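Have the sequence at hand as you read.

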Amino acid sequence: MEELELFDKAMNVGYNMLLGKDKPFEPNDSDEIEDMVLIPDPETTELEMAEDLLEYFESTEEYEKCANIKAIISNIKTLNTLI
């Protein structure tokens, strides 16, 4: 699997995490790079991750994902204001 495909897979894993669509991890015996678990940086805030994902999906013209991410960013900012 090429680097760009791995990066796209990682961004989609992050997108699913942000939307709460985590799929349960199913272990396998594969040693292939593409079968490794992709985990975002634990130091990154949810807002930072959302903004990075938005930038990526705008560049790939996946506008439905962009709309979902923008709604989440708005919700995060509203919650941060209230807290």
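The buried residues of helix α1 are Leu6, Met11, Asn12, Gly14, Tyr15 and Leu18, where buried means under 20% relative accessible area, exposed over 50% and partly exposed in between, with a 1.4 Å probe and protein chains only. They pack against α2 (46–59) and α3 (63–82). This is a predicted model, in which local features need pLDDT of at least 70 and side-chain atom pairs count only at pLDDT 80 or more, while totals for chains, interfaces and linings use all residues. Residues are numbered from 1 along each chain as its sequence is written, and side-chain values use heavy atoms, with hydrogens and water left out.

Helix α1 itself covers residues 3–18 and reaches 22 Å from its first C-alpha to its last, close to the 22 Å expected; that expected span is 1.5 Å times one less than the number of residues. Helices here are DSSP runs of H or I with at least four residues, numbered from the N terminus. Just after α1, Gly20 takes a positive phi of about 75°.

Now look at Asn12, which lies in α1. Asn12 counts as buried because its relative accessible area is 18%. A polar atom of its side chain lies 2.9 Å from the backbone oxygen of Asp8. Beyond its neighbours within four places in sequence, Asn12 is in contact (heavy atoms within 4.5 Å) with Phe57 and Lys65.

How far can you trust all this? The chain averages a pLDDT of 83, pLDDT being the predictor's confidence in each residue, from 0 to 100. Confidence is lowest in α1, at a mean of 86, and highest in α3, at 96.

Notes
Helices (H or I, at least four residues) and strands (E, at least two) are DSSP runs, numbered from the N terminus. A polar contact is a pair of N or O atoms within 3.5 Å; within protein, one must be able to donate a hydrogen and the other to accept it, and residues adjacent in sequence count only if both atoms are side-chain atoms.
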